[in-house]
Structure formats: C-alpha cells, structure tokens
Amino acid sequence: MEFYSPKTVEPTSIDGLIDFIKNNISEERRLCDTQGLVEQLMGVQHNTASILEHISASLSKTDDNPNTNPYGKNSFVLYRDNTVMLRLVVWEPREGDNFSHADEELFAYGVCHDHNFELMSLGLCGSGYTTHMYSYQHKGSEYVEGELIDIDYLGDFTLQQGSVLYMEQSKDLHTQSPPAQMSMSLNIIVDHGIKKKQVFVEPKTKRIVEYRGLVNPKSYIEKLHNKLTEPEFGINQSKAIKHPQRTASLV
Ligand SMILES: [Fe+2]
C-alpha cells in the first residue's frame, strides 16, 4: 500500500484523467508507480463541473440499464472499459462505530477484506472515512474458512480531501470506519492479470471468514438446505443440495 498526503497540484478533469490512465499505465508495474498519476488524480478535486457532468451521465445510463451500476445507491460508475473503471463513492457520516447491518453491507464497514484488483482512491471531499490497513502474502492457492492467515497491521489512514490511498491486488487488506462528515471518494480500479478469490479475515483471530453481509449464494443455499431437511418437512437428508460457488464480491 501507499498513502499520499494532500499537496498543491494543477486542476485536471475526469476526461483528462481517463486519457492519462489509458496512455500511461502498464501491467509491468504497480499502478502507483505510474509517473504523474497521483497528481492527475489529486487534480480532479479542483474540477467540480467535470465531476458533476460525469455523475449526471452515469445516472442517465443507469436509467437505461440497471446493470450499468451494480454497486448500490452510493456508487457511480463514471467510466469503464475491459481493464479500468473510475468509480465515485458517497460515504454517509456515522458516529463512531455506530453503523447498522445495512451500512455494513453498503459501505463494508467492519469487514476486513482484500481486493483482487488494484485500487487507488482519492478523497474528493469531506473529512473522509478511515481505513485500517493490513497486509499479507497470498499463499497461492485458495483459502478455506477458519484457516489461519499471517497478517501485519500497517496503521490507520483517513482519506480526507486531497489525499490518495493505493492498495495492492491480493496483498493489502483493510477494514474501514465511517466518516464524521458526508464524504466522497474517487476510485481508479485496474483489473488485470490472474485474479485470486477475495479474502475476508477476522483481524483479532487472523482466521479466514466467509463474508455473509452481501447476498451469498452458498450460505443462502445452506440455510435453505437446513430448513428443508428439518424433520417436519420429511425430506431425505441424504439428498443434499449441491452448493454453488460464491459469486458476490465486496469492493
Ligand atoms: Fe475495500
């Protein structure tokens, strides 16, 4: 991971940032090692008109096709191609750790996870959410629930306006706490290379957990299976329902 504190930069635009990304990123190096990218991203905060224009365009596309924005009411996909996505996220304020289960589902508060893509986030406005960062070395094969995983705590970072946080693919883990003020962040998501399954960890025990916040086909089918095989249903319990693989992921 890398964290960049706010600094003075020239204003840029969403279109300018997209062009810069297309022309400069490379699979050969980490996204954060792209010369000038952090400054291009920081510069977007000074161009409110460009941001609003793209939010408006994103909303109109969503009207036509509900699949355009699969991330929920707090997210706006501003740009997307086969490798790169620009996504704006609105963070509603909460006091301390006083968040609901619905908040947890929408904002991923309190759930320690990695990402199987590169992620660079700009604090666009507001006091910003706080990210509690950890790192690990992926063992190369898929983890199973309850497995012990060696994680290192790296510190807490608040994405206040103008700061940038970079998280490495399948290496950095984080959980996050809500901001004190309404805040917005702008994410560059770069999705390339071999994708590993997303990892969820309970930081205190350092054990792999199944994330049950989002709709989880595997655990849902398990619940249905348990219900259907209760004695009063009279179903032969040996006829177990085949469990599908989880497809939901958390971003
Ligand atoms: Fe995340």
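With 15 C-beta neighbours inside 10 Å, K206 counts as partly exposed. K206 sits in the loop between β11 and β12, in a predicted model of a protein chain of 251 residues. The secondary structure of the chain comes to five helices and twelve strands.

**Confidence and overall figures**

- The mean pLDDT of the protein chain is 84, and 76% of its residues reach 70 or more.
- Over residues 234-248 the pLDDT stays under 50, and the model has 20 contacts beyond four places in sequence for this stretch.
- Where pLDDT is low, the predicted coordinates should not be read in detail.
- Buried residues make up 27% of the 251 residues of the protein chain.
- Of the contacts between residues at least 6 apart in sequence, 77% join residues at least 24 apart.

- β3 and β10 run antiparallel and are joined by eight bridges; M85 has I189 in β10 as its bridge partner.

**Helix α1**

- The buried residues of α1 are I14, L17 and I21.
- Seen down the axis of α1, these buried residues fall within an arc of 60°, so they line one face of the helix.
- K22 and N23 are exposed, on the other side of α1.

**Nonpolar cores**

- The largest nonpolar core has 32 residues, and those with the most contacts inside it are L41, V44, M120, L122 and V164.
- Two or more residues of this core come from each of α1 (14-24), α2 (37-43), β2 (75-80), β3 (84-91), β5 (118-125), β8 (164-167) and β10 (183-190).
- With five residues, β5 gives the most to this core.
- L122 touches L41, M42, V44, Q45, V164, S185 and L186, leaving aside residues up to four places away in sequence.
- A second, separate core has nine residues, including V111, C112, M133 and F200.
- In soluble globular proteins, nonpolar side chains tend to be buried together.

- β6 (residues 130-136) and β7 (residues 151-158) run antiparallel and are joined by seven bridges; here H132 stands opposite D156 in β7.
- β6 also pairs with β9 (residues 172-177), over six bridges and in the antiparallel sense; M133 stands opposite H174 in β9.
- M133 is also one of the residues of the second core.
- β4 (residues 112-114) and β11 (residues 200-202) run antiparallel and are joined by two bridges, and C112 stands opposite V201 in β11.
- C112 and F200 are both among the residues of the second core.

**Loop residues**

- Most residues other than glycine have a negative phi, and most peptide bonds are trans.
- K206 has a positive phi of about 60° although it is not a glycine.
- S170 has a phi near 50°, a positive value in a residue other than glycine.
- The place of S170 is in the loop between β8 and β9.
- S170 is buried, because 20 other C-beta atoms lie within 10 Å.
- E147 lies in the loop between β6 and β7 and counts as partly exposed, with 14 C-beta neighbours inside 10 Å.
- E147 and K206 are 59 residues apart in sequence, and 8.3 Å apart in space, C-alpha to C-alpha.
- E147 touches R207 and I208, not counting residues up to four places away in sequence.

Note on methods
Residues are numbered from 1 along each chain as its sequence is written. This is a predicted model: local features need pLDDT of at least 70, side-chain atom pairs count only at pLDDT 80 or more; totals for chains, interfaces and linings use all residues. A nonpolar core is a set of buried Ala, Val, Leu, Ile, Met, Phe, Trp, Tyr and Cys residues joined through C-beta atoms within 7 Å. A residue is buried if 20 or more other C-beta atoms lie within 10 Å of its own, exposed if 12 or fewer, and partly exposed in between; C-beta atoms are placed from the backbone. Helices (H or I, at least four residues) and strands (E, at least two) are DSSP runs, numbered from the N terminus. Two residues are in contact if their C-beta atoms, placed from the backbone, lie within 7 Å. Two strands pair if DSSP finds at least two bridges between them. pLDDT is the predictor's confidence in each residue, from 0 to 100. The arc is that of the directions from the helix axis to the C-beta atoms.
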